[in-house]
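This report concerns a ligand and the pocket around it. The sequence and the structure are shown below.

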Amino acid sequence: MHLTETQAEIKELARNFAAAEIAPHAAQWDREAHFPIEVARRMGELGFLGMLIPEEYDGLGLDTTSYLIALEAIAAADASTAVLMSVHNSLPTQMLLNFGSEAQKERWLKPMARGEMVGAFSLSEPEAGSDASALRCQAVRDGGDWVLTGTKSWVTSGSFADVIMVMARTDAPDARRGSRGISAFIVTRDLPGFHVGTKEDKMGLRASPTVQLTFDGMRVPAANLLGEEGQGFVYAMRSLDNGRLGIAAQAIGIAQAALDASLDYAAERKQFGRPIREFEAIQFKLADMGARIAAARALLHATAAQKDRGESTTLHGSMSKLLASETAMWVTTQAVQIFGGYGYVKDYPVERLFRDAKVTEIYEGTSEIQRIVIARELYNSHHSI
Ligand code: CAA
């Protein structure tokens, strides 16, 4: 794929940073389920936490392709670091940029773009995952505040994020308005009644803390309501259109790392007197892995260009996320097979890549939800890139 000069520079910067400061430690962070907050700070200094934010709000004002290239390079080194970068850049900052007031942008978006504050996104609840609009966390207006009560789950970076975009109900329990009864709130961890709950013990992405949040009559100033009351679900869905591009890039990074490791291993590993890459059984796997990754990346970059032209990416974003995440799972499965017994132990990276790939088929909308979105969009209109 042809890259502009800026895109090539960003790719080089991200690869060098990932090789020097992330890749050497990724296995240890995974083993210890430790998130390196200092790496998030370094990403902030390099501009990786404000890539899509215009310069007037202290971001880099880059195009979507540049951002996704950087994200892929970070994910190839460590998918846990990449998910922080994806969520921060695609969800809370984009919600502030697109729907926030100037005062909110000044107070939160600018420091987030500079990487001084880390953002999180909180839509899901224990009983509301794929059926996101069934969420129950309740906000009740009381004077100059909203009072929030409820439990949110699966919050990436929720144990340390400074700013969390929380979706909660603002309709009355006896007059429910479905998805139109949901509003978005800018929540900071210093608010009284904010509690971090259980940290999940996950299969993969172990270095990225995923937590429950509990709001126990948490008082949120009315100035922290984002945009219009009742529009929070639509804001979240529009932001997830962006978020799904990030998860696709993360999945492609994981898959590329698995292919690179497999190419090296197949050249070194000898059986029956020859490097195993000389066997057709291995060659065909490597060829299919490369072809599927190239196809997923091509669709993602075409979708990024569509976004930068100002077009809706609901259809192709869901397609990109679906294709990339299923590619990552398939490619990492082949990689473990190529490594044989060595793929099943922690001495080589493919075991971690295999575990990390799985969640890309689950979060920011499962593969089943992506298929629902794709089918709906195909029924509604005929799109082409
Ligand atoms: N863009 C703009 N608006 C959208 C939209 C989009 N992509 N998708 C839906 N909407 C709007 C609809 O137009 C509708 O608006 P009106 O009321 O004005 O007509 C409203 O939102 C409700 O839409 P639906 O009727 O389609 O809602 P639904 O209840 O049928 O749900 C769904 C649709 C696609 C299944 C949705 O619930 C969904 O995406 N579920 C998956 C949830 C998800 O992705 N969760 C991710 C959690 S975050 C996470 O994982 C982050 C992390 O930490 C890594």
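Which helices and strands each supply at least two residues of the lining of the largest pocket? In this predicted model, they are the helices α5 (79-90), α8 (232-268), α11 (350-359) and α12 (367-380), together with the strands β1 (119-122) and β3 (145-156). The largest share of this lining comes from α8, with seven residues.

**The pocket**

The volume of the largest pocket is about 1,200 Å³. Its lining consists of 44 residues, and those nearest the centre are Gly129, Arg244, Tyr363, Glu364 and Gly365. By residue class, the lining comprises 20 nonpolar, 13 polar and 11 charged residues.

**The ligand and its shell**

The ligand sits in the largest pocket. Two or more residues of the shell around the ligand are given by each of β3, α8 and α12. Here too α8 provides the largest share, seven residues. In total, 25 residues surround the ligand, and Ser130, Thr156, Arg244, Glu364 and Arg376 are the closest. The shell divides into 11 nonpolar, eight polar and six charged residues.

| Residue | Part of the residue | Distance to a ligand oxygen atom |
|---|---|---|
| Arg180 | side-chain N or O atom | 2.9 Å |
| Glu364 | backbone N or O atom | 2.9 Å |
| Gly365 | backbone N or O atom | 3.0 Å |

Taken alone, the ligand exposes 1,100 Å², of which the protein buries 73%.

Technical notes:
Residues numbered from 1 in each chain as written. Predicted model: local features only at pLDDT ≥ 70, side-chain atom pairs only at ≥ 80, totals over all residues. Heavy atoms only, no water. 1 Å grid on protein atoms, 1.4 Å probe; cavity = no way out; pocket = protein on both sides within 12 Å on 5 of 7 lines; lining within 4 Å. Points joined across faces, edges and corners; volume = space filled by probe spheres on them. Helix = DSSP H or I, 4+ residues; strand = E, 2+ residues; numbered from the N terminus. Nonpolar A, V, L, I, M, F, W, Y, C, P; charged D, E, K, R; others polar. Near = heavy atom within 4 Å. Polar contact = N/O pair within 3.5 Å; in protein donor to acceptor, adjacent residues only side chain to side chain. Areas by Shrake-Rupley, 256 points an atom, 1.4 Å probe, with all protein chains shown as cover. Sits in = over half its atoms within 2 Å of the grid points.
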